[in-house]
Amino acid sequence: MFDLPSSIIVGLEIGTSKVCAVVGDFGADGALKIVGVGQAPSRGVRKGEIINTELAEEDIRHAVAEAEQMADVEIRSVYLGVTGRHVRGFNNRGVHPIFSADREISEDDVQDVIKNAKTINLPAQNHAIHAIRQHFLVDDQDDIPNPVGMLGSRLEVDVHVVHGSLNRLQNAIRTVKGLQLEVDDIVFNGLASALALLTNEQKELGSLVVDIGSGTTEYVVYSNGIIKHTGVLAVGGDHVSNDLAYGLKTSLRRAEQFKLDHGSAIVDDSIKGQTISIPNENGLAPKIINLEHLRRIMSLRLEEIFLLIGQDLEQADALDYLRGGAFLCGGGARTPNIAKLAEQVLQMPVSVGKTNTISGLKSALDQPEFATAIGLVKFGSFDHRKRAVKASLTRNLKATLSQLFHRA
Amino acid sequence: MTSPTPLTSPTPSAPTAIPAPPKPISIKVIGVGGAGLAVLAHLIRSSPAGDRFAAINTDAASLAASAAAEKLHLETHLLRGLGSGGDPDRGRIAAQENLPRLKSLCEGMDVIFIIAGLGGGAGTGISPVLARAAKETGALVIGFVTTPFDCEGTRRRHLALEGLAELKAAADGLICLPNQKMFKLIDENTSALETFSIANEYLAEGVRSFCRLLTCPGLIDIHFDDLCQLLRDRHAESAFAVSEAVGPTRSREVAEKLLAHPLLDAGQMLAEADALMVSIIGGPDLTMAEVNRVMEQINRHCEHAQVVMGTAIDEAFRERLAVTVIAARKNLEPAEARLSARPGHEMSSQLIRQAITARPASRFGPSTPSSAASPGDESSAQGTASSRQRWKPARMHQTQLPLESASKGRFDKSEPNIHRGEDLDLPTYVRRGVALN
């Protein structure tokens with residue numbers, strides 16, 4: 001019979017350090033709950049983009065299998081998070097003249113103007129991942145949230161377009177499809193994190209979300225409830241480890257461990273001259289590392305990340321709208337004192353974000369690393385509701401029709 | 001003083017050989033060798049009659065075709081009227097035998113531009129000797145040279161690099177346009193003839209803008225002293241780019257074009273430069289706001305560099321705006337070597353060259369570094385002294401090499417992460433120069 005939309009929504013994030021699948025379920029009461037999480041260390045990804053398809057496929061399979069097991073469901077389709085250096089966001093304006101005799105703006109006009117705003121100014125080889133409407137203008141009348149039913153001769157819309165290189169986006173999609181999984185939609189990771197972290201009130205106040213992953217750092221600015229600015233830096237926790245490996249002259253794996261065990265985003269005066277000695281497993285002499293150096297290297301790199309974000313926001317005129325402050329997520333948000341450092345650089349209140357827009361497994365929600373994948377589920381739930389409405393409409397229509405036929 | 005960043009020394013020390021600024025600056029442009037003459041032809045075609053041009057070659061036929069006012073045919077019994085035949089040694093010997101004539105050609109000039117295409121016989125051999133001769137007469141010597149296309153073969157490339165090093169040691173400033181980079185400026189369908197013509201025109205444009213800076217009346221003059229200070233003793237290797245725009249948004253366009261310019265490695269050269277000369281040329285309608293906008297953009301990319309800027313007004317540039325940037329970088333010293341992200345092939349070619357020249361030196365013991373330079377160097381003590389200085393950093397390069405490649409670690413082979421001219425994959429503390437002790 002009719003294929004009812006399944007009640008589960010899966011978010012899949014193919015990150016640089018881990019692949020993470022999160023299962024959300026609408027349940028009996030219709031409220032979305034997180035019921036399963038699966039993750040696997042990622043080996044085939046650099047700076048947010050897949051460089052080794054075989055390894056990536058294997059890791060995705062592991063993560064999805066784990067999530068299936070935990071949630072006790074079968075995963076058929078996923079909302080896929082995408083990121084990378086090629087992903088950019090910009091604000092665009094679309095124009096559409098109203099031709100109809102009565103000059104009333106219809107739903108079709110709204111769709112047309114958004115389509116127009118989505119494609120204009122876009123490089124040919126790029127694909128628009130999102131075109132998020134900000135507000136409409138009717139005959140230069142500003143700030144109209146919904147123009148349907150109004151009269152006017154010219155309809156304009158401001159949208160925020162997030163776009164990326166088509167080929168690179170397709171790489172990720174193909175890899176997932178190769179595992180017999182459908183991709184419902186692709187979602188920019190930064191947007192997903194923001195959806196997971198921010199409440200409506202915070203979006204209204206104006207907030208910045210910074211997702212410090214291991215390969216990339218995404219940032220999204222909300223103000224007055226709409227997306228003002230998005231961006232990606234191909235710099236993340238991996239770079240911190242790499243800097244440490246170079247500066248402390250040790251292996252990358254070791255550097256990673258130092259970062260987790262002894263790292264901090266701020267260099268305290270009290271640690272001057274302190275050292276850590278590490279027993280060497282190969283029977284060689286133990287290595288002694290200056291704690292101050294370790295933290296100095298980390299601090300400089302993290303500070304730079306925030307500086308670059310700050311510069312970009314300043315250029316985009318987005319810095320003055322952030323009354324709600326900044327929220328950090330991603331693995332990088334676990335770095336001790338990172339909120340303090342960000343506060344110093346960005347000059348605004350900063351806290352590590354909590355996923356409080358969705359309920360479910362407490363253990364998953366508290367971890368900043370899962371923000372993106374949870375946000376993907378959240379994004380999916382919006383989509384899902386839209387589809388559900390459509391599906392019920394067609395069902396109603398069919399029911400009425402069949403009733404009519406039965407009567408006849 | 002009009003330079004936005006403070007000069008390193010508050011009073012620019014005028015070199016003794018340079019006459020006082022009030023006197024108009026005398027410039028002579030000398031084209032050397034076949035390529036030099038070709039560029040010269042471009043220059044002569046488009047310049048007012050007052051400028052002084054001279055042509056030097058070993059080949060009589062090409063000299064006869066040149067429109068330069070002064071022509072110098074270098075001939076020795078060795079050449080037998082056949083030209084240098086692609087051998088720089090022959091060119092060098094011919095030049096050395098005619099040293100007095102070269103000197104008299106440069107006599108009384110403040111600035112000598114030497115234009116040559118390196119890699120052949122005449123340009124590669126003669127121009128270093130000419131540069132030394134010109135310097136002895138007290139002129140400021142600036143070389144504009146091209147290096148050959150990769151497809152011209154490795155031998156020409158080695159010869160060109162050797163010539164480049166030698167010229168660098170002899171001249172005050174050197175601006176080099178690697179022909180290979182021209183590929184970024186042309187499209188697939190450009191004919192070979194056009195490509196050379198574009199390269200020549202490009203080099204000519206560089207010389208022209210330099211001349212304009214020194215001679216054209218400007219809103220903001222570049223003082224000759226400033227220029228000397230910028231170039232002298234820096235033995236600078238430079239990159240230059242020209243961009244032009246028309247229309248009401250020209251100031252923004254021109255800056256954008258410049259920062260995306262392939263010859264500046266998309267802005268990376270600006271970030272690495274430690275001295276920068278910016279020349280803005282516009283018509284009488286040039287506004288101060290436009291100058292400001294362009295300089296703001298450029299300054300943002302090179303915070304540490306010493307910037308010398310000048311603005312010239314030329315009636316021909318009405319509604320147009322042309323900006324020429326010459327970015328100079330000190331010869332890489334060991335401490336600075338890590339800061340530079342040189343493309344690998346350049347590095348390796350330097351190593352190859354070193355290997356080639358170092359081998360005979362080792363046979364005679366370690367204390368003969370100057371044998372690596374030209375054999376006819378004895379005439380000028382200065383030349384050998386500076387070439388000796390040049391070798392030391394080059395030798396240090398080799399020890400720095402593995403470190404530099406290691407610094408990118410796991411990102412070594414990934415897509416470079418260039419942001420405003422900085423490679424973000426390199427550790428931040430290395431780029432900022434923070435010492436860990």
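In this predicted model, Asp243(A) is buried, with a relative accessible area of 1%. Arg301(A), at 0% relative accessibility, counts as buried as well. The side chains of Asp243(A) and Arg301(A) meet in a salt bridge, with 2.8 Å from N to O. Asp243(A) belongs to helix 6 of chain A and Arg301(A) to helix 8 of chain A, so the pair ties together parts that are 58 residues apart in sequence. Side chains of opposite charge can pair in this way when their charged atoms come close.

A second salt bridge in chain A is formed by Arg43(A) and Asp59(A). Arg43(A) lies in the loop between strand 3 (33-41) and strand 4 (45-46) of chain A, while Asp59(A) lies in helix 1 (residues 53-71), 16 residues apart. Arg43(A) counts as partly exposed because its relative accessibility is 42%; Asp59(A), by contrast, is buried, with a relative accessible area of 2%.

Glu304(A) counts as buried at 4% relative accessibility, and Arg431(B) is buried at 16%. Salt bridges that share partners also join Arg93(A), Asp140(A), Arg154(A), Glu156(A) and Asp158(A) into one network.

| Salt bridge | N to O distance |
|---|---|
| Asp243(A) and Arg301(A) | 2.8 Å |
| Arg43(A) and Asp59(A) | 2.8 Å |
| Glu304(A) and Arg431(B) | 2.6 Å |

Over all chains, a search of the whole structure finds 17 salt bridges, and the count between chain A and chain B is two. Helix 6 (237-247) and helix 8 (291-315) of chain A each supply at least two residues of the side of chain A that touches chain B. Helix 8 gives the largest share of that side, 10 residues. By type, the residues of this side divide into nine nonpolar, six polar and nine charged.

In the interface, 24 residues of chain A are in contact with 27 residues of chain B. The area buried between the two chains is about 2400 Å², of which carbon and sulfur atoms give 50%. Lys47(A), Arg85(A) and Tyr246(A) supply 26% of the area that chain A buries against chain B, more than any other three residues.

Chain A as a whole comprises 11 helices and 19 strands. Of its 408 residues, 52% count as buried. The search of the whole structure finds zero disulfides over all chains.

Technical notes: Residues numbered from 1 in each chain as written. Chains lettered and ligands numbered in written order. Predicted model: local features only at pLDDT ≥ 70, side-chain atom pairs only at ≥ 80, totals over all residues. Heavy atoms only, no water. Contact = heavy atoms within 4.5 Å. Buried area = accessible area lost by both parts, 1.4 Å probe. Salt bridge = Lys/Arg side-chain N within 4 Å of Asp/Glu carboxyl O. Helix = DSSP H or I, 4+ residues; strand = E, 2+ residues; numbered from the N terminus. Nonpolar A, V, L, I, M, F, W, Y, C, P; charged D, E, K, R; others polar. Disulfide = S-S within 2.5 Å. Buried < 20%, exposed > 50% of the residue type's maximum accessible area, 1.4 Å probe, protein only.
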